[in-house]
Amino acid sequence: MNGASAAWLYAVASGKRPGLPAGLKGVAGEPVRIVEGAGLSAVVGSVPLSDFGEEELGAHLEDLAWLEAAVRAHHRVIDTAARGGCVVPLRFATVYHDDARIRFLLDERRADFDSALDLLAGRTEWGVKAYADPQAFVADPPGDRTSARTSEQDSPGTAYLLRRREQRRGRETAHLRAAECAEAIHAALAELAVRTAEHPPQDARLAEYEGWMLLNNSYLVPDSRAREFAAAVASLELRFPEIRLELSGPWPAYSFTGSGDSGRKG
């Protein structure tokens with residue numbers, strides 16, 4: 001590391017980037033600066049090892065309040081840099097020893113960064129989540145179907161098992177119907193995007209939602225089609241009233257850089 005500090009990498013841009021806004025602070029409240037190399041510019045901050053050493057950072061990552069504040073700061077720097085032009089966002093906690101290692105990275109990965117910048121130019125990431133209430137996809141109350149299929153001769157235990165089986169089948173059928181609607185929604189939105197990325201559903205307790213999260217996707221959309229994409233989301237919500245859609249963005253294209261530059265580096 002560079003004495004008592006390390007280099008936290010936020011983003012990479014092509015050429016000499018215009019100056020960042022005065023007063024822009026990073027994850028440690030540090031001033032954010034530019035490191036140039038190989039015809040690229042890296043957005044970097046010097047963070048103290050007393051707080052961002054490997055062990056110290058590992059402990060911080062278990063502190064949800066600290067983590068939320070740091071993630072917001074990381075995103076704020078990238079989002080600010082992206083307003084000045086196309087950037088490749090680096091994942092949270094991408095840390096190098098010093099500026100010399102950053103320059104080595106820029107030189108070594110020049111082709112990868114150039115390819116990513118070409119892909120992202122004039123395009124922005126949008127997120128779409130789809131939620132559904134399972135009851136909205138149940139054909140009729142499970143109790144009605146079960147009572148029609150059990151007889152008075154069934155023992156209480158048999159009747160209970162039949163009800164449970166019927167409920168399970170009903171829930172599976174409902175989820176299948178909901179998934180088919182979600183696939184139709186994704187297919188319609190994918191036509192407006194140049195790339196898509198599917199993410200696993202978020203934990204319902206952490207994300208504070210009820211029911212099913214059917215989609216948690218990202219779409220790389222040409223800026224010229226951003227309004228069309230937002231209108232498509234609104235139209236699809238009318239077409240599938242049982243499903244609630246949530247559009248977010250525009251975001252720096254975290255889902256489409258594929259840099260693999262996450263975590264502590266040499």
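Buried means under 20% relative accessible area, exposed means over 50%, and partly exposed lies in between, with a 1.4 Å probe and protein chains only as cover. The structure described here is a predicted model, in which local features need pLDDT of at least 70 and side-chain atom pairs count only at pLDDT 80 or more, while totals for chains, interfaces and linings use all residues. Residues are numbered from 1 along each chain as its sequence is written, and side-chain values use heavy atoms, with hydrogens and water left out.

The salt bridges come first. A salt bridge is a side-chain nitrogen of Lys or Arg within 4 Å of a carboxyl oxygen of Asp or Glu, and the structure holds eight of them. One of these joins R110 to D114, with an N to O distance of 2.6 Å. Both residues sit in helix α5 (residues 110–120), four residues apart, which means about one helical turn separates R110 from D114. Helices (H or I, at least four residues) and strands (E, at least two) are DSSP runs, numbered from the N terminus. R110 is partly exposed, at 34% relative accessibility, and D114 is also partly exposed, with a relative accessible area of 25%.

Another salt bridge links R205 with D203, whose closest N and O atoms are 3.4 Å apart. R205 is exposed, with a relative accessible area of 71%, whereas D203 is partly exposed at 33%. The side chains of E246 and R244 also meet in a salt bridge, at 3.9 Å from N to O. E246 is partly exposed at 31% relative accessibility, and R244 is partly exposed at 43%.

R164, R165, R168 and R169 form a positive surface patch. Patches are made of residues with over 30% relative accessible area and no salt bridge, with like charges joined within 9 Å and nonpolar side chains (Val, Leu, Ile, Met, Phe, Trp, Tyr) within 5 Å. Lys and Arg count as positive and Asp and Glu as negative, while His and the chain ends are not counted. R165 lies in helix α7 (residues 156–190) and is partly exposed, with a relative accessible area of 40%.

In strand β1 (residues 5–14) lies W8, which is buried at 0% relative accessibility.

The backbone remains. Most residues other than glycine have a negative phi, and most peptide bonds are trans. A93, not a glycine, has a positive phi of about 70°. A93 is in the loop between β4 (87–89) and β5 (95–96), and is buried with a relative accessible area of 10%. E208 likewise has a positive phi, near 55°; E208 lies in the loop between α8 (204–207) and β8 and is exposed at 71%. A cis peptide bond, with omega about 0°, joins G249 and P250, and P250 lies in strand β9.

Methods. Accessible areas come from the Shrake-Rupley method with a 1.4 Å probe; for residues, only the protein chains shown count as cover. The place of a charge is taken as NZ of Lys, CZ of Arg, CG of Asp or CD of Glu.
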